[in-house]
Amino acid sequence: MQVQGGVFHWGDWLGVLLHQSGHFGCKDHPEPVNFRPKRKCPSPLDQVKDEQTNKPRSSLPAPEDRLPEIPLKTKWSPAGLRWREVKILYAREMRAALREKAIVFNSILLPIFLYPFIMWAAFTGIIYVQGQTKGFVSRIVAGDWPKGHPGLRHLFEHDDRIQLLQDTNSQAGVDAKILDGRVDARVEFPRSEFSEGIGRGNFEVHVTYNESRERSEMAQRHIRELTSEYRQKWLRREALARGVSAAEWQQFNLESRNIASKKQVGAFVLSLMLPVLFVVMVAVGCFYPAVDATAGERERNTWESLMSTGASRVSILTAKYLYVASLGAMAGTLNLVAMLSTVKSILAPLIDKTGSGIEFSVPLSAVPVLMLAALLMAGLVAAGMMIFASFARTFKEGQAMITPFYLLVILPLMFLQVPGITFTVPLALVPVVNVTLMVRAAVTGSFPLLPLLITVLVSIGLIGVCVRLAAHVLKFEDVMLGSYNGSLVKFLKEGALRRRPAAGASKASL
Amino acid sequence: MKSTVEVCGLSKTFYDENRGEVRAVDGIDFECSPGEIFGLLGANGAGKTTALRVLATILKPSGGTATLMGHSVVAEPEQVRRSLGFNSSTTALYPRLTARETLEFFARINGVPEERLRDRIDRLVQRFGLSEYQHARVDKLSQGMKQKVSIARTVAHDPPVLIFDEPTVGLDVLNAIEMLGVIAECRAEGKTILFSTHIMSEAEKLCDRIAIIHRGKIHACDTLANLRARTGEHYLEHIFVHYVQPSSKLEVPGKGGSELASTKDSTLEKDPG
């Protein structure tokens with residue numbers, strides 16, 4: 001096709017566009033809009049020649065600026081691990097993470113503020129509800145009062161928290177009112193079958209109430225308290241009238257003595273609360289960084305940039321693992337500190353008001369054990385989460401992949417609430433449970449050496465296995481490039497179990 | 001002159017659920033020298049990206065050999081990666097780092113010594129006109145500025161071999177021109193450049209030698225002048241069609257037809273890889 005004396009050329013569209021944008025057809029060399037400019041204007045693609053040497057000149061740093069190479073091998077570089085690279089990669093991960101709202105919130109702010117806030121809210125709520133319920137007046141319909149017991153009627157009539165209602169309705173009518181909340185309870189005093197002879201004047205107390213209503217339940221409790229109180233007084237008075245002293249009449253007297261110090265009771269309460277929350281917080285702290293370091297890289301398309309750098313795969317994996325583990329450990333430690341300060345400043349004063357006087361503190365000797373526990377737990381959870389997140393291509397897939405593992409980690413904690421579970425050697429062999437019990441023991445100031453040692457060894461061994469497994473999984477280039485769409489099952493079916501048709505063959509969905 | 005990139009019988013096989021084994025790259029051979037822009041020209045899915053990913057050690061080859069600066073991509077992948085800068089339209093930057101932090105990170109991780117780092121980054125920032133935006137986070141930058149940062153990070157460690165995989169995809173004309181200008185400058189510096197594209201004009205203007213790749217195989221590899229002489233065609237589109245579909249009735253403007261293609265356009269066909 002001839003156009004204005006020249007041959008049309010698709011490549012010239014670039015020239016035309018540049019001409020229109022004023023890039024080629026400049027002011028000094030005006031050209032008509034044509035498919036092929038007759039005069040050539042200087043192009044950024046043209047090599048600029050040096051006037052003296054007549055060699056191509058670059059505006060990039062000059063050749064003499066060539067950078068010296070840093071040797072790949074360092075003093076200690078087992079299997080491609082280079083700590084300089086790990087340090088650089090770790091610093092980048094942390095720097096980026098601390099600018100990510102989700103990570104800062106979940107790994108730093110949540111551990112510091114969530115449980116303290118929940119605790120404050122819960123206790124404030126309890127106190128408020130207690131205050132509200134204390135002011136309730138129970139609306140009670142009373143049947144015929146027992147003869148010979150005017151004191152009982154007096155007790156009910158003069159109680160500030162009871163309003164006696166006159167109701168001539170049938171039993172069914174009163175029941176209906178109790179069910180719909182217009183009346184809280186009905187109390188009747190039928191004659192007892194042992195109301196003759198020595199038991200003359202005995203009677204029974206029948207209470208009708210609605211357990212599904214808090215107010216009705218309270219009325220029933222109050223009736224019980226009043227009648228019990230009346231009975232004790234009556235029995236004591238009758239015994240005295242018959243010349244029997246209280247000591248003779250009671251047969252035995254029960255007295256208990258608590259020899260635990262306030263500190264020990266506080267440590268016991270902490271040992272029930274802290275380990276569970278600690279594990280949950282370590283897992284939450286690892287969650288987002290683990291997804292960010294693997295699936296997040298793929299979703300942002302930075303994975304390829306990273307994989308084409310000079311860093312070894314081992315260094316990259318190590319840096320990512322350390323990044324996830326350190327944020328998990330940080331979350332766990334921050335949570336422990338926040339919880340301790342909360343129970344001291346919020347819980348302790350509230351308990352003091354009840355007269356119990358519990359002292360919350362953790363022995364100083366527990367601090368290194370707690371730090372070690374944070375590292376072990378974070379190390380284990382981070383490795384596990386990274387294995388699962390490795391298969392995901394997107395953040396969403398990553399979250400879906402990690403959630404079952406997260407639940408698996410916190411599931412054993414339910415059994416730890418069963419009374420009587422102590423830090424023994426067999427339990428020290430169970431991952432997660434062992435570190436949780438280690439925290440519990442440390443909080444109470446107990447440090448059983450053998451279970452502690454076994455816990456450390458088991459955890460380190462398991463961390464090693466998980467890290468090796470993560471490294472092995474990432475050796476599959478399909479996994480590295482996220483070809484399994486977040487499906488572990490697909491990977492096992494296609495990648496690991498089935499033999500590949502040819503060496504080095506990988507999935508086509510790259 | 002000694003070759004900096006040597007590829008011999010390189011192949012890469014993928015496994016597809018439906019089609020079984022698919023050879024995305026099928027025994028390709030070529031060599032590149034310093035100060036040369038070597039173009040891989042092919043349609044989408046021809047195997048360009050896969051070949052370049054193998055050279056960048058992101059993928060492992062299924063067969064054949066490839067060396068960069070004398071280092072094998074299989075045996076010495078880390079040395080290979082240190083010798084090259086890889087830039088692709090699918091690679092991205094860390095959005096939460098600033099432009100300067102990005103350059104520092106890539107320079108450091110690719111082995112630039114700390115004592116030279118500051119000076120090196122300052123020069124790159126100046127060269128790419130990033131002074132004003134160097135402390136801005138990458139996610140706040142425009143697409144053009146991001147691309148500048150991306151190129152700057154590719155050359156941050158002064159690698160002797162550069163791989164640009166369809167670098168102008170998604171860029172406007174001005175940014176594309178700037179990008180190609182930088183590639184030309186890198187050639188002037190004596191670097192070996194592997195450049196893949198499916199845009200004929202880019203290859204025509206920029207490449208010293210062009211390899212036409214189709215369905216994983218290299219059909220021709222020579223200078224544009226030699227390709228013209230061999231095929232008797234003047235324009236690269238015609239040369240390309242000559243090699244990839246010699247028997248087709250594909251009509252290209254300037255060759256007597258007014259439509260781009262009257263038959264199925266194989267260059268737009270999607271192949272695996």
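This is a predicted model: local features need pLDDT of at least 70, side-chain atom pairs count only at pLDDT 80 or more; totals for chains, interfaces and linings use all residues.
Which residue in β5(B) is the bridge partner of B:Leu68? The partner is B:His71.

## The hairpin in chain B

Strands β4(B) and β5(B) run antiparallel. Strand β5 of chain B covers residues 71-72, and 2 bridges join β5(B) to β4(B). The two strands form a hairpin with 2 residues between them. Look at B:Met69 in this hairpin: B:Met69 takes a positive phi near 50°.

Strand β4(B) has another partner to look at. Strand β1 of chain B, residues 5-16, is joined to β4(B), residues 63-68, by 5 bridges. These strands also run antiparallel. For one pair to find in the structure, take B:Cys8, whose bridge partner in β4(B) is B:Thr65.

## The six-stranded sheet of chain B

Chain B also holds an open sheet of 6 strands. Read across, the order is β6-β7-β8-β3-β9-β10. The pairing is mixed. Two strands stand at the edges: β6 (84-88) and β10 (217-222) of chain B. Each of them pairs on one side only. On average, neighbouring strands in this sheet are turned by 15° against each other, direction ignored.

Now zoom in on one pair. Strand β3(B), residues 37-41, and strand β8(B), residues 192-197, pair in the parallel sense. Helix α5(B), residues 143-155, touches β6(B) and β7(B), and its direction makes about 160° with that of β6(B). Helix α6(B), residues 173-188, touches β3, β7 and β8 of chain B. The direction of α6(B) makes about 150° with that of β8(B).

## The four-stranded sheet of chain A

Chain A has an open sheet of 4 strands, in the order β6-β5-β7-β8. Its pairing is mixed.

Strand β7(A), residues 185-188, pairs with β8(A) in the antiparallel sense, over 4 bridges. Here A:Val187 stands opposite A:Val207 in β8(A). Helix α6(A), residues 214-241, packs on the sheet and touches β5, β6, β7 and β8 of chain A. The direction of this helix makes about 165° with that of β8(A).

## Two helices within chain A

Two packed helices are described by the angle between their axes and the distance between the axes. Take α8(A), residues 262-293, and α12(A), residues 366-389. They pack at an angle of about 40°, with their axes 9 Å apart. The two helices are therefore oblique to each other. Their crossing is right-handed.

Which residues meet here? From α8(A) they include A:Val279, A:Cys286 and A:Phe287. From α12(A) they include A:Met377, A:Val381 and A:Met385. By class, this contact has 15 nonpolar residues, with no polar and no charged ones.

## A helix contact between the chains

Helix α2(A), residues 83-97, meets helix α3(B), residues 99-109. Their axes come within 10 Å and cross at roughly 160°. That angle makes α2(A) roughly antiparallel to α3(B). The crossing is left-handed.

On the α2(A) side are A:Glu85, A:Ile88, A:Leu89 and A:Arg92. They meet B:Phe105, B:Arg108 and B:Ile109 in α3(B). The residues of this contact divide into 4 nonpolar, no polar and 3 charged.

## Confidence in chain A

How confident is the predictor in chain A? The mean pLDDT of chain A is 77, and 76% of its residues reach 70 or more. Among the elements of chain A, β8(A) has the highest mean pLDDT, at 93. Strand β1(A), residues 2-3, has the lowest, at 38.

Two stretches of chain A have pLDDT below 50. One is residues 72-76, which has 4 contacts in the model beyond near neighbours in sequence. Another is residues 499-510, which has 35 such contacts.

Methods
Residues are numbered from 1 along each chain as its sequence is written. Chains are lettered from A and ligands numbered from 1 in the order in which they are written. Two strands pair if DSSP finds at least two bridges between them. Two residues are in contact if their C-beta atoms, placed from the backbone, lie within 7 Å. Axes are lines fitted to C-alpha atoms, for helices over the stretch in contact, and angles run from 0 to 180 degrees between N-to-C directions. Angles under 35 degrees count as roughly parallel, over 145 as roughly antiparallel, 65 to 115 as roughly perpendicular and the rest as oblique. A crossing is left-handed if the near helix is turned anticlockwise from the far one by less than a right angle, and right-handed if clockwise. Ala, Val, Leu, Ile, Met, Phe, Trp, Tyr, Cys and Pro count as nonpolar, Asp, Glu, Lys and Arg as charged, and the others, Gly among them, as polar. pLDDT is the predictor's confidence in each residue, from 0 to 100.
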